[in-house]
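Biologist: Can you walk me through this one? Start wherever you like.

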Amino acid sequence: FYWHKIKNLTIPDNVTSIGNSSFKSSEVASTSLIIGNGVTTIGTSGCSYDFERVDIGSGVTRIENYGLYNGSCKTLICRATTPPTCGTSAFGSWSAGGVYYPQIYVPDGSVNAYKTANFWQTQAGKIHPISDLNE
């Protein structure tokens, strides 16, 4: 799906990984990406696309470098109770060139774990419980 125009994308629970550059594109800002609970790994540049809202299922344990490289994201929901391990640039542009991380929502009982986990801790001030999310 490299360079395809996608408005909304839902990856079903029976998918277990998103390979390198699977949904890579920055051509058009999109609305949402929902990653099913069966996905455990997001590969390098796997979802490198301008989604405004990204909802990561509970099964994700690893996000590779640039796995979620995204300059448009305003809301990131990560439903994994254990913070996924992330490559050093898992979210790429969210921390460079004047682009800032989105608000990050995680399971209520996992907020402190995310705020102290490697990689995630740099954005501790933007990490909130899912119960605070206005859906």
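Modeller: Serine 32 is in contact (heavy atoms within 4.5 Å) with Lys7, Asn8, Leu9, Phe51 and Arg53, leaving out residues up to four places away in sequence. This is a predicted model, where local features need pLDDT of at least 70 and side-chain atom pairs count only at pLDDT 80 or more, while totals for chains, interfaces and linings use all residues. Residues are numbered from 1 along each chain as its sequence is written, and side-chain values use heavy atoms, with hydrogens and water left out.

Biologist: Is serine 32 buried or exposed?

Modeller: Buried, with a relative accessible area of 16%. Buried means under 20%, exposed over 50%, partly exposed in between, using a 1.4 Å probe and protein chains only.

Biologist: Which strand does serine 32 lie in?

Modeller: Strand β3, residues 30-35. Strands (E, at least two residues) are DSSP runs, numbered from the N terminus.

Biologist: Switching to β7, which residues cover its faces?

Modeller: In β7 (residues 75-78), Thr75 and Ile77 are buried on one side, Leu76 and Cys78 on the other.

Biologist: And how many bridges link β7 to β5?

Modeller: Four, in the parallel sense; β5 spans residues 51-56. Pairing requires that DSSP finds at least two bridges between two strands. Isoleucine 56 is opposite cysteine 78 of β7. Strand β9 (residues 103-106) is joined to β7 by three bridges, also parallel, and there isoleucine 104 partners leucine 76.

Biologist: What is the strand order in the open sheet of four?

Modeller: β2-β4-β6-β8, with parallel pairing. β2 (17-18) and β8 (85-86) are at the edges with a single partner strand each, so one side of each has no neighbour in the sheet.
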